[in-house]
Amino acid sequence: MIDLSHVTLTFPDGQSTVTAVDDVSLSVPAGTTAGITGPSGSGKSSLLAVASTLIRPQAGTVHIDGVDVTGLGLAERTALRRTRVGLVFQQANLLPALTAVDQLRVMNELSTDRRRRSARAAVTERAHELLDAVGLSGQADKRPAQLSGGQRQRVNVARALMNDPAVLVVDEPTSALDRERSAQIIDLILELTDRFSTATLLVTHETRILPRLDTAWTMVDGRLSAMTADELAAVA
Ligand SMILES: Nc1ncnc2c1ncn2[C@@H]1O[C@H](COP(=O)(O)OP(=O)(O)OP(=O)(O)O)[C@@H](O)[C@H]1O
């Protein structure tokens, strides 16, 4: 579960400030997906940065799995992010020298929570289970250059789930893919949200996918509003 309450985020802009996120409240229960769309510069990435604990807002609160992360210091936020938040960005950002299974295994080394730094065999088993879940069971030993764009994005999604996150934050996961592969990645994200009970927050310019998500929102000038049934019918 992720819960944002009256979140405001501003950035300095010369002599004044720009309000990137303006009094936003949003709840995403476990096992559901919330989609956000909106024009460039409307604050979508800023909102994801707050929701994933990368940036602390000036006002409002962010709860992840019941924990108020806004009150935590930098080290605590980093630890929580590594164990409870999965991030999927536009580009897969895989390490060129590593095989698919190693891209996932390396996530375990980043876990600062000792209890979560599991035995090697269990980590390898989890990595294979996730590669299987994203349809890449036969590709575990391939390096990024040997994979297609869609396959690389699948590794990216699997990697985000490696630490069993409560929250999956997804920024434009399909922008580098063609229409058919984008639809497959969205299918996959919906399926994994259900299977692993993540609270999934997804930003997309592809409005046609929004009717498939549990809730859909538009962001304009930092403010979030729920899309109406008519708006959703218009983009479907
Ligand atoms: N690090 C920063 N420093 C200063 N201003 C910033 C910073 N990040 C974002 N902004 C400003 O905050 C506003 C929201 O930007 P943001 O990147 O969140 O929008 P966006 O909706 O994600 O845009 P896009 O769809 O183009 O990615 C913009 O006015 C932007 O210039």
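Two residues are in contact if their C-beta atoms, placed from the backbone, lie within 7 Å. In this protein, residues 24 or more positions apart account for 71% of the contacts with a separation of 6 or more. The model is a predicted one, in which local features need pLDDT of at least 70 and side-chain atom pairs count only at pLDDT 80 or more, while totals for chains, interfaces and linings use all residues. Residue numbers start from 1 along each chain as its sequence is written.

The protein contains seven helices and ten strands; these are DSSP runs numbered from the N terminus, with helices (H or I) of at least four residues and strands (E) of at least two. Its radius of gyration, taken over C-alpha atoms, is 18 Å, close to the 18 Å that the globule rule (2.2 Å times the number of residues to the power 0.38) gives for 236 residues, so the protein is as compact as a globular protein of that length. The C-alpha trace spans about 50 × 40 × 35 Å along its principal axes.

Of the 236 residues, 40% count as buried, a term that requires 20 or more other C-beta atoms within 10 Å of the residue's own; a residue with 12 or fewer is exposed, and one in between is partly exposed. Helix H1 (residues 44–51) is largely enclosed by the rest of the structure, because six of its eight residues are buried. These are Lys44, Ser46, Leu47, Leu48, Val50 and Ala51. Threonine 53, which follows H1, has a positive phi, near 70°.

In helix H2 (residues 74–84), the buried residues are Arg77, Leu80, Arg81 and Arg84. They lie on the same side of H2 because they cover an arc of only 100° around the axis, the arc being that of the directions from the helix axis to the C-beta atoms. The packing partners of these buried residues are strands E4 (59–64), E5 (67–68), E6 (85–88) and E7 (167–171).

Helices H5 (residues 149–160) and H6 (residues 179–196) pack at an angle of about 20°, with their axes 10 Å apart. They are therefore roughly parallel to each other, the class for angles under 35 degrees. Among the residues that meet are Gln153 and Val157 in H5, and Ile185 and Leu188 in H6.

Glutamate 206 lies in the loop between strand E8 (199–203) and strand E9 (215–220). With 18 other C-beta atoms within 10 Å, glutamate 206 is partly exposed. Leaving aside neighbours within four places in sequence, glutamate 206 is in contact with Thr174 and Ser182.

Key. Axes fitted to C-alpha atoms, helices over the stretch in contact; angles between N-to-C directions. Parallel < 35°, antiparallel > 145°, perpendicular 65-115°, else oblique.
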